[in-house]
Amino acid sequence: MRARDLLVPFPTVGLDSPVAEAARLMAERELPGLIVLDERGTPVSILPGTQVLRLAVPRYCQDDPALARVIDEAHADAFVRALGERTVRQALPERPRELPVTDPDATLLEIGALMARTRSPLVAVLDGGRLLGAVTLSALLKRLA
């Protein structure tokens, strides 16, 4: 089995897209992340949902779970609204990691190794620089199980 056999069309966002819109798209479609494209339409990163959470959840709650317990739901919603005008570019890690991108001929093991190495829940599949879609972690695990 190859990447081409598992790939699905996958939504993308631009670097300057609002991160709040990216979060809504992930929530509505139950996606683990999104493929981020530059101005030329070339994948530059994967924006995992966990990275959006890191922006929405205050650092003091991340560092001390006891503080997170005392904040009620009404106030927790305010943190998500605080994403405000931030862009996807601002949500990405400062130091880029290896881009989880492969070609349509990649094997399941190659895809799994790439996901594990890059800690990405999806891998973009490119053919000659053109985005074909993505292989998700859940699709990969279904085939390996």
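1. Contact, as used here, means heavy atoms within 4.5 Å. Setting aside neighbours within four places in sequence, S120 is in contact with I46, P100 and M115. S120 sits in the loop between α8 and β5.

2. Now the whole model, which is predicted. The protein chain has 9 helices and 6 strands. Of its 145 residues, 39% are buried. The chain exposes about 9000 Å². Carbon and sulfur atoms supply 53% of that area.

3. Three strands form an open sheet, and their order is β4-β5-β6. The pairing is mixed. The edge strands are β4 (101-102) and β6 (130-136), and each pairs on one side only. Strand β5 covers residues 122-127. The pairing of β5 with β6 is antiparallel and runs over 6 bridges. Helix α8 (residues 108-118) packs on this sheet and touches β4, β5 and β6. The direction of α8 makes about 125° with that of β5.

4. Turn to the interior. In soluble globular proteins, nonpolar side chains tend to be buried together. Here the largest nonpolar core has 21 residues. Which residues have the most contacts inside it? They are I35 and L47. Several elements each supply at least two residues of this core: α2 (19-29), β2 (33-37), β3 (43-48), α7 (88-91) and β5.

5. Not counting residues up to four places away in sequence, L47 touches A22, M26, G33, L34, V36, V52, V88, A91 and L92.

6. There is also a second, separate core. It has 11 residues, including L108, I111, L114 and V135.

7. On to charged pairs. Side chains of opposite charge can pair when their charged atoms come close. How many salt bridges does a search of the whole structure find? It finds 5.

8. One of the salt bridges joins the side chains of R89 and D16, at 3.1 Å from N to O. R89 lies in helix α7, and D16 lies in the loop between β1 (12-14) and α2, so the pair ties together parts that are 73 residues apart in sequence.

9. R89 has another partner. E39 forms a salt bridge with R89, and the closest N and O atoms are 3.5 Å apart. E39 lies in the loop between β2 and β3 while R89 is in helix α7, so this pair ties together parts that are 50 residues apart in sequence. E39 counts as exposed because its relative accessibility is 64% and the cut-off for exposed is over 50%.

10. A further salt bridge links E98 with R117. The closest N and O atoms are 2.8 Å apart. This pair links distant parts of the chain: E98 is in the loop between α7 and β4, R117 is in helix α8, and they are 19 residues apart. E98 counts as partly exposed at 40% relative accessibility. R117 counts as exposed at 53%.

11. Some of these bridges share partners. In this way D16, E39 and R89 are joined into one network.

12. Last, some backbone angles to check. E30 has a positive phi of about 55° although it is not a glycine. E30 is placed in the loop between α2 and β2. At 73% relative accessibility, E30 counts as exposed.

13. R119 also calls for a look. R119 has a positive phi of about 55° and is not a glycine. R119 lies in the loop between α8 and β5, and S120 lies in the loop between α8 and β5 as well.

How values were computed. Residues numbered from 1 in each chain as written. Predicted model: local features only at pLDDT ≥ 70, side-chain atom pairs only at ≥ 80, totals over all residues. Heavy atoms only, no water. Helix = DSSP H or I, 4+ residues; strand = E, 2+ residues; numbered from the N terminus. Buried < 20%, exposed > 50% of the residue type's maximum accessible area, 1.4 Å probe, protein only. Areas by Shrake-Rupley, 256 points an atom, 1.4 Å probe, with all protein chains shown as cover. Pairing = 2+ DSSP bridges. Axes fitted to C-alpha atoms, helices over the stretch in contact; angles between N-to-C directions. Core = buried A, V, L, I, M, F, W, Y, C linked by side-chain atoms within 4.5 Å. Salt bridge = Lys/Arg side-chain N within 4 Å of Asp/Glu carboxyl O.
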